[in-house]
Amino acid sequence: MLHLNLIGIILLVTSSYALYDSSSDVVELTPSNFERLVTKSDEVWIVEFFAPWCGHCKNLVPEYKKAARALKGIAKVGAIDADQYKDFTQKYGVTGFPTIKVFTGSKSNDYQGQRTAEAFVDAALKAAKEKAYENLGKKSSGSSSDKSDVVELTDSNFKELVLDSEDMWLVEFFAPWCGHCKNLEPHWAKAATELKGKVKLGAVDATVHQMMASRYQVQGYPTIKLFPSGKKTSDSVEDYNGGRTSSDIVAWALDKLAENVPAPEIVQVVNEETMKACSEKPLCVVSILPHILDCDAACRNDYISILARLGEKYKAKMWGWVWSEAGQQPALEEALELGGFGYPAMAVVNAKKLKFSTLRGSFSETGINEFLRDLSFGRGQTAPVKGAEMPIIQTTEPWDGKDGELPPEEDIDLSDIDLEKDEL
């Protein structure tokens, strides 16, 4: 009787620590079968590394079982007790629970989606599609669009990525089971892509990363917070109060960006370093101003003031603004076809796509504004940069802010001239 009771206790203890029973479609993985079933397999696997005492792991069980049932015959879904097999699972970089990875043979990727059955199915199908195309020797069509520009944020990376950065962030605090969060997800992803290079969008699973959710008093889902550009303090965080469509999110973010972003510096191009104001921006406004002998300091400053006012107006676009004196950067002028019709002249260049558009109207505040406004709406003719690469910038002296001076005339020694001789 004692022997039977002991067996019963052992079975009870074992079952209390098992998250997935034998009736589940989730495959129990161990160090002895992991290589054979997963890393040496031709099948796609979603693998959960769990700890039996982990509350989030227990909460995941219903959705994970549902995903395993839905993927039956399509992909495999497994789970391994990473707390029991610590030495084995450490080589897969498991530092918290649950950790979920997608395996295609020996290759694995961290799963970074929401913890719902639908999201697990999407991840498995995406991996299967990529594997199939790889077998064809092709890249999966749509693989670039599958990748979200939303940054996954956690308690451990939030400070480094958001609080310590100079960038503006919109952060969504969500719960995987929240219906409104699921409805927001495609709009959030689309807005992240449209705002890329201007405003960063992140998402925090507030049911897992409760420290950040508590710090910012998240009480409902989704909650969206704005972390402004520049140095961030607890007082600078704002609640998002815009709409929930991608266009609403983009418009709201750009309005906030315009309030927070400083006006761009109007940089004189005097070496390669100064030209980085173009190469690191989505677009760059390049002006060629008249030579200082043709347009004195007051004249030049008037032109630079026009550029500064327009830079302020379009600062939310995050464009670069540079200028050069006529004749100082001939390669730049040639590449953008500037200068052939006189100075001042202007072109807007996309340094990554090597395309540019030239100002054909007047170099005035009104004329330039109309030109830039058309470009903002995708209108205007473009041409490829000559030479199919950005030109080499010559090192020159920066303008000292003063009027130009004519070179001194050479004195003529009249004693060397025979005035009596008839030169005709």
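In this predicted model, six strands make up an open sheet of mixed pairing, ordered E11-E13-E12-E14-E15-E16. Helices H12 and H14 pack on this sheet. The second largest pocket holds about 840 Å³ of space, and strands E14 and E15 are among the elements that contribute to its lining.

- Phe356 has Ala383, in E16, as its bridge partner.

**Helices packed on the sheet**
- Helix H12 (residues 297-313) touches E11, strand E12 (284-289), strand E13 (320-325) and E14. The direction of H12 makes about 170 degrees with that of E13.
- Helix H14 touches E12, E13, E14 and E15. The direction of H14 makes about 15 degrees with that of E14.

**Second largest pocket**
- The volume of the second largest pocket is about 840 Å³.
- The pocket is lined by 29 residues, of which Pro282, Leu283, Trp319, Asn350 and Lys353 are the closest to its centre.
- Two or more lining residues come from each of helix H8 (179-194), helix H10 (246-260), strand E14 (345-350), strand E15 (355-358) and helix H14 (365-376).
- By class, eleven lining residues are nonpolar, eight are polar and ten are charged.

Technical notes. Residues are numbered from 1 along each chain as its sequence is written. This is a predicted model: local features need pLDDT of at least 70, side-chain atom pairs count only at pLDDT 80 or more; totals for chains, interfaces and linings use all residues. Side-chain values use heavy atoms; hydrogens and water are left out. On a 1 Å grid over the protein atoms alone, a cavity is a set of points where a 1.4 Å probe fits but cannot get out, and a pocket is an open set with protein on both sides within 12 Å along at least five of seven lines; lining residues have an atom within 4 Å of a point. Grid points are joined across faces, edges and corners, and a volume is the space filled by probe spheres set on the points. Helices (H or I, at least four residues) and strands (E, at least two) are DSSP runs, numbered from the N terminus. Ala, Val, Leu, Ile, Met, Phe, Trp, Tyr, Cys and Pro count as nonpolar, Asp, Glu, Lys and Arg as charged, and the others, Gly among them, as polar. Two strands pair if DSSP finds at least two bridges between them. Contact means heavy atoms within 4.5 Å. Axes are lines fitted to C-alpha atoms, for helices over the stretch in contact, and angles run from 0 to 180 degrees between N-to-C directions.
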